[in-house]
Amino acid sequence: DVKVTQSSRYLVKRTGEKVFLECVQDMDHENMFWYRQDPGLGLRLIYFSYDVKMKEKGDIPEGYSVSREKKERFSLILESASTNQTSMYLCASSLPGTLLYGYTFGSGTRLTVV
Amino acid sequence: QKEVEQNSGPLSVPEGAIASLNCTYSDRGSQSFFWYRQYSGKSPELIMFIYSNGDKEDGRFTAQLNKASQYVSLLIRDSQPSDSATYLCAVPSSGNTPLVFGKGTRLSVIA
């Protein structure tokens, strides 16, 4: 069965910490995405990648960076965590051509920054 | 920037009724449309995909697409309490670009 695994289900971090959110997929998908989801704001795209070592900014990249050293792994980095980054973070992957395939989501990481 | 609009709800329907969820989109060039279901505290899961004008049926779910009017609907027949969730509509900008999601409609099926 297709699987996208996010390393942590819940995380609590302190303001100013560097935070790593890991996402691994076992489907040999080229495309990987990071979204955050907040009540009333829906899903907002942070970064995405169509290939190893390739990254593109989404709608809200400020305060975040990403790394994709291997095809199956896409990491989201919060350089210096702030309380306004408290959110549900969702990783997704897809085959090339989201026109036809859509996404498979990971189970999400609920991050709280205190 | 494409826009995808959904009524936030909540939409309440009695068990056994038909639930009708609607989504409008701004880009007339949009070609495919996805419906995701998201239970509280869980991640979205894909339930329907529609590419052509008209209806597409999968079990109790029917997606309806009207490109001329720029809306896509999801009908859930014989609604069950287990269908209570938030339903997200999503549209890709083009062939291999990220999906743009609506904010979702919360459905509550009352037993």
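User: So how much area do chain A and chain B bury between them?

Analyst: About 1800 Å², with 54% of that on carbon and sulfur atoms. Keep in mind that this is a predicted model.

User: Which parts of chain A supply the side that touches chain B?

Analyst: β5 (31-38), β6 (42-49), β10 (87-94) and α1 (98-101) of chain A each give at least two residues to that side. By type, the residues there split into 16 nonpolar, nine polar and two charged.

User: And how many residues of each chain are in contact?

Analyst: 27 from chain A and 23 from chain B.

User: OK, and how many salt bridges over all chains?

Analyst: The count comes to 10. One pairs the side chains of E30(A) and K71(A), at 3.5 Å from N to O.

User: Where do E30(A) and K71(A) sit in the chain?

Analyst: In distant parts of it, 41 residues apart. E30(A) is in the loop between β4 (23-25) and β5 of chain A, while K71(A) is in the loop between β8 (64-70) and β9 (73-78) of chain A.

User: Which strands supply the lining of the largest pocket?

Analyst: From chain A, β5 and β10; from chain B, β9 (85-92) and β11 (105-110). Each of those supplies at least two residues of the lining. And β5 and β10 of chain A also supply residues to the side that touches chain B.

User: How do the residues of that lining divide by type?

Analyst: Seven are nonpolar, 13 polar and five charged.

User: Now the backbone. Which residues does a cis peptide bond join?

Analyst: G9(B) and P10(B), with omega at about 10 degrees. P10(B) sits in the loop between β1 (4-6) and β2 (11-14) of chain B.

User: And which residues other than glycine have a positive phi?

Analyst: D28(A) is one of them, with phi of about 60 degrees. K53(A) is another, with phi near 65 degrees.

Note on methods. Residues numbered from 1 in each chain as written. Chains lettered and ligands numbered in written order. Predicted model: local features only at pLDDT ≥ 70, side-chain atom pairs only at ≥ 80, totals over all residues. Heavy atoms only, no water. Contact = heavy atoms within 4.5 Å. Buried area = accessible area lost by both parts, 1.4 Å probe. Helix = DSSP H or I, 4+ residues; strand = E, 2+ residues; numbered from the N terminus. Nonpolar A, V, L, I, M, F, W, Y, C, P; charged D, E, K, R; others polar. Salt bridge = Lys/Arg side-chain N within 4 Å of Asp/Glu carboxyl O.
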